[in-house]
Every structure is written in structure tokens, then in C-alpha cells.
Amino acid sequence: MGVEGIGARVPRKEDKRFITGKGRYTDDMNLPRMGRVAFVRSPHAHAKVSSIDASAALEMPGVDAVLTGDQLVADGVGNLICGWMIHSKDGSPMNMGAWSALATDTVRFVGQAVAMVVADTYEQARDAAEAVMVDWEGLPAVTTTAAALKPGAPQIHPEAAGNMIYDWEIGDEAAVDAAMASAAHITKIDIANNRLVPNPMEPRAAVVDYDGAEEHFTLWTTSQNPHMARLVLSAFYNIAPEHKLRVIAPDVGGGFGSKIYVYPEEVACLWAAKKVGRPLKWVSDRTEAFLTDAHGRDHTTTAELAFDANNRITGFRVNTTANFGAYMSLFSSAVPTYLYATLLSGQYAMPAIYANVKAVYTNTTPVDAYRGAGRPEATYVVERIMEVAARELGLDPAELRRKNFVTEFPHQTPVIMCYDAGDYDASVRAAQEAIDYAGFPARKAEAAARGKLRGIGYSCYIEACGIAPSKAVGSLGAGVGLWESAEVRVNPVGTIEVLTGSHSHGQGHETTFAQLVSERLGVGVDTVQIVHGDTDKVQFGMGTYGSRSGAVGMSAISKALDKVESKAKKIAAHLMEAAETDIVVDGGAFKVAGTDKQLTMTEVALAAYTAHNLPDGMEPGLKEGAFYDPSNFTFPAGCYICEVEIDPDTGKTEVIAFVAADDFGRIINPMIVEGQVHGGLAQGIGQALLEGCVYDEESGQLTTASFQDYCMPRADDLPSFQVTTTETICPGNPLGMKGCGEAGAIGSPPALINALTDALGTEDLTMPATPEKVWRLAQAARRPMAAE
Amino acid sequence: MDMKGEYRIPAPRETVWEALNDPEILKVCIPGCESLEKTSDNELAAEVTAKVGPVKAKFKGSVTFENINAPEGYTIAGEGKGGVAGFAKGGADVHLAEDGEETVLTYEAHAQVGGKLAQLGSRLIDSTARKMADEFFGKFSEIVGGGASDESATAEGANSIAGATAAVENAMEDVVRDAEERLEVEAGKGTFGGPMVWGLLGLGVIILIILFANM
């Protein structure tokens, strides 16, 4: 409805303040007497802490205090938690090692904090942190899961024998064994999903104010979910009860998952602000971000896919080892299990699936959800093996996929998920048309004439968003429900405030959420204010991750709007002496159908608040709240096709074209959706071609701890994306939405690698496909030709 | 990281061996070396200040000698700590071979670096370490081959580290003074500052290792 309702390309309301430098971020908060915090961090991947000598640091100018883990523990601050219980296949609970916000006797990864310095200025705090003398006693370290699982490997946590956190399984092993035994063809691959650093533009930060009179804390922090942060900080860390702790996540400059979690720094700053009796600020520098923001991915997987004589899939076996780093971050346990293995059916009808996932400690930065969180890893496994299988079977990769697509819905997979709606072939057709698939052989020949190698690759991804039905995730071990809340306040003069538990850190909620209100009540988006990110303003909510803010957050707003609309209609009907059923909302007015009688939203709102003439028994006011608990996950899906050209002399890969045909269900603002897809594709292409953590295996040092050595995608690494959508309406929520925030990062890496391996004629390519790796394979591919 | 190197020093092996056992000579040859002392017959302690861009750090290093086979070679193990800037630890096998009136020194070093050094400078360490090693041996060759007199080279008691140190002490005094002057000139030209970057921090230590290796 209207030019600002659902489906309209409304320019983002929030961009004006962002692009004019008026955004207010955590680091913009400054308080009187505020001290600055610097952390003393371990240069060792694994070491005993024999002693900490702060005497020199304490004598330096401006230094107020040096606080250590022993003090923190003595004050009763609790260990960091992991919020999702996973049981091993033998029924035993996961083996979680203790994690204190400041390490006491042992450090387990480079960058782990052992002490914090409070000083008047940032520079003083940093200088003093360098003067804190820590006596380290180095221990052997392991950085890979293979090394950590070897007999005799260094033991990282006493709680996890052999460094095994859990050995989990899902699916029917016997059925898969039977399928393998009777298969006409089995395709097997060994692949690795490279470890990534999230790198949001704004690093993490915390500002804490403790009010001694009220015994009340205020925490400004870079969080995707301030209510969850408050819940965890109150319930587990013994710092303050919920009603004495206000968490504010103001403008946040990107998160990609890394700002879901409660980190040691926030816990330590809260505790320290009370202890030293002054407000505190900590802002991560970029190297700290590389070392301490939760990393993403880092799986190694062996997968086998069985086909019958008609090239239909009969069974899928997957063995994955996930590197968790040195500690279990807040949602880490769920990522390689319920967010990963439940998507291993892909877009395909698979009669039997069995997956075994081992989660392993190493002396590396903790790993948790990063844009896609398990689904990129699943998609990489499924879409690589489908492409390899098509090559082995001599089939067109699209044909093999088509033959196995799920075409009837709802479709129950062998791994929990029940797909509700989709048209996978429609996405393939849209993508093939956009990239001119039929013209590829001619383009390949033309490239070959120029001495270049061209390749084309598919990825037909499916993912699960809108996390998630609370009852379902509760039964799977989640520590919280995953509903969302909303409150819609119509003010006396008719302007509207929407309070949402979702949090916007780049997604454009202030625009899309206002568009929903515009659609429903016919008002302009400029009369709607979206309020989020402050636990004192907004009712409890679950926050933004897993592409859930549309399907879950907006559904809650929609439910609240239902109630507002219903009450407003009652008031309008009463005032116009009409039947409630005859009232229609049109263009911001309440009209009596078939007449010229109408009342504006302002008139109805004013009537609600003056309460001079309301229906008998009706409460004054026009404000309604709602909680929405989804009935199912949503299942965005699509087809990505990538075309690359390799220069065999240099190994340089050029992404010639990248087509994304996505089915996100109903779309509120196509421009914002396209922006989300573009960003996701950039991150996925970054993973496939450029990004990757490198640890020195012997010393456990992260050698890619700056932008000097960790390669982020830049504009000239990327083509002009061709983004298109197909639409099947999601039946699981009132708006028919599926979610678009992560799809680009989930679907794109296999398309890239499939295109590169097509061009190179070998499957032996790992991510990131750097020019050196590509060059070596291109040289190897040349040799037989040279011999001819 | 692993490093190998070979240097031809224009002095007889005995002379080289003795010079490598002289803390005063080593001190002059190690950029930024503030102190260097023997803590026992087979241990040395050193402090080296390295300033790289915005970071200045004092590395406290200790080196232990094993498999001493005078005058042919050593195995050494060392460790240096630079506080928050990082640390380095490692070892090296050093061998001295006679070649007429000259000596060919070869070493194979293996080192680990940690902290900011590893995070920000790991890519630069190999090349910087090599550069610093070259500089060290360049100076060393000048001092031992150019200035040193033949008599110090033939001093008796050279098989003992302590003896060697005492024997070359006087002879080296002038040489050391010259070397210091040259070092100042070099420093003025920026040889020890500027673009050598983070690697220097570890290099100080690695060099210590290499140097000591030669002791």
C-alpha cells in the first residue's frame, strides 16, 4: 500500500545520520571522571601465569588501578557461559572448560586478558599495560583439531579429556550404511572451511557507569542483543540483578554475529567500574579485535554421497571436526550441530543422512557464529559434493541437482528440518537466464583463445532463518526461547513509536519496520520512530542474528499492529456511529465503507487519549504489545552461479559474473534486500578467494592479525553483482517473510570454488583460493597440454 | 621460522672463536645492545633495546650454550622477552670451518616469535632477521679480520671461554672504540631505524642467538 509500504524502495531513514557523521556509537559516550581501560593480554598461546607484578605500572602517570583475575574471582564474578547444551552421542553433556573474564593461573590463546589497567587517558592505560610484568611459563600449544586430537597432545582444559568437547551425531547411521553398500555411485570429498575473522567496521567497545546511590549499572556496548546481554550478565556473572543493570546498544557499526556474545571485556569493565568508583571506557583496537572477537567457521569434513543407478541420492554421510578455539563462546556449541547438520539435506530429497560432529578445543581464539553460522559450512559441503558428483557422473551440474530437488512441500528431511515452501527450479532458471548459461561454452572458448581459463560453478543453497520456535530449540538444548517482542505506541497526535527487541546494526530496521507500519496504518514512514537497543526503553527482546528480525521481529510488530488496529477501529466506529466491521483503514484514515465519513489517525489517537468519548468499558490510550514465537524456521533458498576467468601466468582470478537468484519470501524493501545480498556475497567471495586465519602451528601465534596480512575483499575484487529474486511466500509467519541477511555469505563460497575447479580441471583447491594456489594448479593443468 | 646462513670471516678460526667469546665485541656488534654479561661459563644475559616505528621495547634475553666443541662450534638455545611487544625463543647450531687463513661460519637457526611481533610482523621477520644477521657479521668481520692483531688470534688458553675473553680484551679495546664510532655514523644514516620495522624486536633476540651461537 502506498509509496512507503511493503515492496517500496524507500531510502534508508538511518543513512542520513550515518553518512553525515552523526551516528552515536559506544565510543561517542563520554562521562565525567571517566577512566580508560587497557587490557594486559597474553603473548603466548598456552602458558601458566606464575605471577603478575603491577608495581611499575601503578607508579606511572595517571594510573588508577591494575586489576587481576584473582581479584575478579575473589569478588564472586562468575565464569563465562555457553548457552546451548549439546550432549555427545553417548549421552554425556558437553565438556566445558572454565573461562574467567580475566585469566588466573593459565592462558589458553594469544590475546587472552590477564589483567586490566585503569588510567585517566587511553595512552596512559596502554603504556601502563605494557609495564605490567607477567611471569609466563610457556606450555606446548595446538592450533589444529588434528593436532589437538592426537594422543599425547597438550591438554587444554582439565574438564575436556583429549580436548574433546563433544562427539555428537544426528541421523540414521544404519540406513546410510545400507545406502552406501547398495550405491551405484559414491562421491567422496575431503574439505575444509577456513577460519575467518568477522571484522565489523566498528570494533567492540564498552562504557560503564555505576551509580553508587542507586547501586545501578549502565552499560553502553556494541551488542546485537542488549537484553540477552543483560540477562546473561545478571543471571550468570553475579554483577547486578536485571533491574539494577541497564544495557544500551546505541548505533552499532556491523556485527555479523561477533557482537551477539558477552565477552570478557564487558564483564570485567562492569566489575571494575564499581571497584574503582568511576565510569570506565574500553575500546578495542584492531589487533585486539583480530585476537579476541569470536572467529567463524574452521571445520574439516569428510563427506560421502551415494547415488542409485538413476542418479538419485540414496544416502549422505558426513564427518566433521569443528575447531572451537580455547573456550566455548556463548552460542558456539549450536553452530556445528543444530545450525549445521540440520541443513545437510540441502535442496535435495535425501532418504538417509548421518552426520557425526566432533567439537575440539585448541589454543586459538574462540569460534562462534559468523554470518551464516553453520549454514555456510553445510552449504559448502553439500554444494561442493553435488558439483563433484555431477562431474564424476558426467552430468550437467544443474541437471543432477534438478533430478534430486525437493518439489513437494512440506518436506520433512531426515535431519529435523521441515521445509515449508520453495521452488528451487525457479531459482535455477532465473540464475541461468541472468548469466546466459547457454552462452558459456562460447565464452570459455573465447577465453581459451586468449590463453585464459574460464569456469562456471553453481551453488543451490538452502538455509534456516527466523530462529526459532522456542519449544523446539528448548528441546534441542537452547538456554533461551527465541521469540521476539514488540510494542506499538500511537501517540496522542497520531505519530507512532515502535519498540522492538530486534537490534539494527546495519540492517536498516528503522526503515523497513516503519514501512510495515506505513503499510498497515497508511501513515508516512517519517511519522514512525523505531526504538531499539535500550533495556530501559524497550521490553525484553531476543535481538538480531540468524536473519530473524524480519520473520520474527516484524511478525511481533505485526501482531501488535493487529491489536492497535482493532482498538482504533472500535474507537472510530464508536465516534462515527458505524458498525466496527464497516471500518476500513485507508491512506492513514479510518473510513466507513461506502460513505464519505472518515476520521484521521490523529483524530482517533486523540480520542483514545482524551477518553472523553470511548465505548463503554474501554481503557484509554492506544498502545499495544505482542510477543511472537515462530511456528517453524523459515527456509530462504536460491541459486547462485559464478563465472570466473583465471590468468594461468599469474594465478589471478577474475570474477567475471556473479548471479544471485534468491527466494526470500515476501520482500519489504527490495533496495535494502539487495544491499544485504551484496554485503553477504562480498563476505562469501572474501572467504573463497581472500580471507583466512593463519596460525603458526608450533607457537600458536595468529600471524594474520592485521589488515596487512588478513586480506579483506575490496571493490576491485568483486564484479557488479546481478541480484534477482523469485518468490514463494513463507506460510510460517504473518508476513510471509524468510530472511535475507546471511544468504549471500552462505551461498557464494561453493559457487566460487566450483567455478575455479571447473576452470582448473581439478578438485584439489582449498579456500582461500589465493593466486599462489591457483597458479600452481594452473601450471599443473598446463603440463599435459604442453606434452601433446 | 628457520634460518640458515654462511659467512666468510677474514681471520683464522681460533681468532674468530675467541672473538665470539668476548662479550665486549658482541656488545658492539649487536645493534641496540645495552648490556651483555656472562652469568656462568655457558650462559649469557643481555639487554637489547629496539625501537621500531611507534614501539620501543627492551628485550631481556638469555642464552645457553651446549655441545661446546671449541673451536669448531656450539649449539645454543636462547630466549628474549620484550613485554607486551612480544618474545622470541629459539636455538641455533653454529659451525666454524677453517679455510686457509679464513674462517667459514655457518649457522642454522630455528626461532619462534610471539606477541605483537608475530601478529604484526611475522611476514617481515625472515628478511629483517637476515638483514640484521648480515649487519652483525659484517661488523664482526671488520673487527676481527680488519683490526684484530695476529697475536690475539694465537693467544693460548683459547679453548676456554673465560680464557679467550681475557686474552682478547686488551687487543680489542681500540677496535671497539673504532667500531662504536662507525656504529654512530651508521645510526645517523638511519641504518638501525626506519623501515626495519617490527622484525627488529625479535631480531635483536634472534641476533643474540646467532651471535652467541658464535661464541
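**View 1. The surroundings of A:Val132.** Leaving aside neighbours within four places in sequence, A:Val132 is in contact with A:Val40, A:Ile52, A:Ala54, A:Ala57, A:Val66, A:Ala115 and A:Val117. Contact means that two C-beta atoms, placed from the backbone, lie within 7 Å. The model is predicted: local features need pLDDT of at least 70, side-chain atom pairs count only at pLDDT 80 or more, and totals for chains, interfaces and linings use all residues. Residues are numbered from 1 along each chain as its sequence is written, while chains are lettered from A and ligands numbered from 1 in the order in which they are written.

**View 2. The nonpolar cores.** The largest core holds 256 residues. A:Val132 is among the residues with the most contacts inside this core, together with A:Met116, A:Val117 and A:Leu344. Helix α16(A) supplies the largest share, eleven residues. A second core is separate and has 42 residues, including B:Leu36, B:Phe87, B:Ala129 and B:Ala133. A nonpolar core is a set of buried Ala, Val, Leu, Ile, Met, Phe, Trp, Tyr and Cys residues joined through C-beta atoms within 7 Å. Buried means 20 or more other C-beta atoms within 10 Å of a residue's own (exposed: 12 or fewer; partly exposed: in between).

**View 3. Helices α16 and α17 of chain A.** Helix α16 covers residues 549-576 and helix α17 covers residues 601-610. They pack at an angle of about 90°, and their axes are 10 Å apart. Axes are lines fitted to C-alpha atoms, for helices over the stretch in contact, with angles from 0 to 180 degrees between N-to-C directions. The pair α16(A) and α17(A) is therefore roughly perpendicular (65 to 115 degrees; under 35 is roughly parallel, over 145 roughly antiparallel, the rest oblique). From α16(A) come A:Ala568, A:Ile571, A:Ala572 and A:Leu575. They meet A:Val604, A:Ala607 and A:Ala608 of α17(A). By class, this contact has seven nonpolar residues, no polar and no charged. Nonpolar covers Ala, Val, Leu, Ile, Met, Phe, Trp, Tyr, Cys and Pro; charged covers Asp, Glu, Lys and Arg; the others, Gly among them, are polar.

**View 4. Helix α7 of chain A.** This helix runs over residues 226-237. At 1.5 Å a residue, its twelve residues should span 16 Å, and the end C-alpha atoms are 15 Å apart, which agrees. The expected span is 1.5 Å times one less than the number of residues. Helices (H or I, at least four residues) and strands (E, at least two) are DSSP runs, numbered from the N terminus. Nine of the twelve residues of α7(A) are buried. Among them are A:Pro226, A:Met228, A:Leu231 and A:Tyr237. The buried residues pack against β10 (216-221), β11 (245-248) and α8 (264-276) of chain A. A:Asn238 follows α7(A), with a positive phi near 60°.

**View 5. A:Gly680 and helix α19 of chain A.** A:Gly680 lies in helix α18 (residues 670-689). A:Gly680 counts as buried because 26 C-beta neighbours lie inside 10 Å. A:Ala743 is 63 residues away along the chain, but the two C-alpha atoms are separated by 6.6 Å. Beyond neighbours within four places in sequence, A:Gly680 is in contact with A:Arg371, A:Glu742, A:Ala743, A:Gly744 and A:Ala745. Helix α19 covers residues 743-760. Its 18 residues should span 26 Å at 1.5 Å a residue; the end C-alpha atoms are 27 Å apart, which agrees. In α19(A), 18 of 18 residues are buried. A:Gly761 comes next, with a positive phi near 70°.

**View 6. Where chain B touches chain A.** Twelve residues of chain B are in contact with 16 residues of chain A. In chain B, β7 (102-114) and α3 (116-147) each supply at least two residues to this side. Helix α3(B) gives the most, five residues. By class, the chain B side has four nonpolar, seven polar and one charged residue.

**View 7. B:Gln119 in helix α3 of chain B.** B:Gln119 counts as buried, because 25 C-beta neighbours lie inside 10 Å. Beyond neighbours within four places in sequence, B:Gln119 is in contact with A:Thr287, A:Gln701, A:Leu702, A:Ala705 and A:Ser706. B:Asn42 is 77 residues from B:Gln119 in sequence and 33 Å away, C-alpha to C-alpha.

**View 8. The make-up of chain B.** Chain B has six helices and seven strands. Along the sequence they follow the pattern β-α-α-β-β-β-β-β-β-α-α-α-α. Of its 215 residues, 51% count as buried. Among contacts in chain B with a separation of 6 or more, 66% join residues 24 or more positions apart.
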